[in-house]
Amino acid sequence: MQRRTLGTTGYDVTDVGFGTWNIGGDWGDVSEEEGREAVRAALDADIDFIDTADVYGDGFSEQRIAEVLDEREVRDEVTVATKAGRRLDPHTADRYNYENLSQFVDRSREYLGVDTLELVQLHCPPTEAYYQPETFEALDRLVDEGKIAHYGVSVEKVEQAMKAIEYPGVETVQIIFNMFRQRPAELFFEEAARRDVGVIVRVPLASGLLTGKLSRDTEFPENDHRNFNIEGEAFDRGETFAGLPVENGFDAVDELREQVPERMTMAQMALRWILDHDAVSTVIPGSTTPDHIEANAATSEMAPLSHQTHGAVRDIYEEYLFDAVHHRW
């Protein structure tokens, strides 16, 4: 697999990583063994960057990752990033302080079985938290104490990302970016590259829309966010189907089918489109299906898409989705 440097962290990671929201909750029921098998499949595909969060199954995801890394004896070969902050209730900016973050970090250290977390990302904090220097001073203190090695942020909006990278300690930004959410490729990618900030791309397949395997008649379990968060009832609607009006999304998918190169699936085209942007450090598709994880990883070695394909993708985005999503996030 191809590798890219993750900002100034010093970590050299596979450009296709593995996101573990799918095995931790909000995607239907997943057993402990299914979770472990998904992590094993990622390692078997030579993926060495794994992203998780303390709220994914309230620690379920972190624990399954730790079990498999110990089972395979590959702790030193894999970079694990986790996220913290979403356990706050109420989830308000004033609660992003040292006391709260320290207790979350301590639990993640326990669940992941490490003394020092390699990368901790604030988990989509309220916008006001980015305007509080004390938010990032709390993270600096955790670095000084040796509880975390590096830190970054996971954001909902481009504006949050732009503010976050003003702080020198922020080494990575995790952001939604895909063929249906293209705004980050404008000013933010330019600034991230200029400041040598690592960019981790999540929701690359728009919650499955960009696999081309969903239909307008697909039904999701009650505990799947594609059922209960369509309008943002539980958390930011941009996390579900990338915030698209779903019918528009299916119309765009129908148009994209004509652009899929030979020997690629639509999912692979969607991932390759992301990797064709040099500012991206790694993309973290999630799945509990080993064959899908292997196919996602294979995208790393595929040739870049043609200029004509990139142009067609932009045309489809502008026709079907731009007005609905471009300036919202």
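**Rings, charges and a parallel sheet**

Biologist: Is Phe 235 buried or exposed?

Modeller: Phe 235 is buried, since its relative accessible area comes to 15%, where buried means under 20%, exposed means over 50% and partly exposed lies in between, using a 1.4 Å probe and protein chains only. This is a predicted model, in which local features need pLDDT of at least 70 and side-chain atom pairs count only at pLDDT 80 or more, while totals for chains, interfaces and linings use all residues. Residues are numbered from 1 along each chain as its sequence is written, and side-chain values use heavy atoms, with hydrogens and water left out.

Biologist: And how do the rings of Phe 228 and Phe 235 sit?

Modeller: Rings of Phe, Tyr and Trp (its six-membered ring) pair if their centres lie within 6.5 Å, and planes under 30 degrees apart count as stacked, over 60 as edge-to-face and the rest as tilted. By this rule there are 10 aromatic pairs. One of them joins Phe 228 and Phe 235, whose centres are 6.3 Å apart and whose planes meet at 85°, so this pair is edge-to-face. Phe 228 is partly exposed, at a relative accessible area of 25%.

Biologist: Which residues do ring pairs link into a cluster?

Modeller: Ring pairs connect Trp 21, Trp 27, Tyr 56, Phe 228 and Phe 235 in a cluster.

Biologist: What about charges, say Arg 141 and Arg 64: which ring faces do they lie over?

Modeller: Arg 141 is placed over the face of Tyr 98, at 3.7 Å from the ring centre, and Arg 64 over the face of Phe 60, at 4.7 Å from the ring centre. A charge sits over a ring if NZ of Lys or CZ of Arg is within 6 Å of the ring centre and within 35 degrees of the ring normal.

Biologist: Switching to the sheet, what is the strand order?

Modeller: The open sheet has 8 strands with parallel pairing, ordered E3-E4-E5-E6-E7-E8-E9-E10. Strand E3 (18-19) and strand E10 (282-283) are at the edges with a single partner strand each, so one side of each has no neighbour in the sheet. Helices (H or I, at least four residues) and strands (E, at least two) are DSSP runs numbered from the N terminus, and two strands pair if DSSP finds at least two bridges between them.

Biologist: How many bridges join E8 to E9?

Modeller: Strand E8 (residues 170-176) and strand E9 (residues 198-202) run parallel and are joined by 5 bridges, and Ile 176 has Arg 202 in E9 as its bridge partner.
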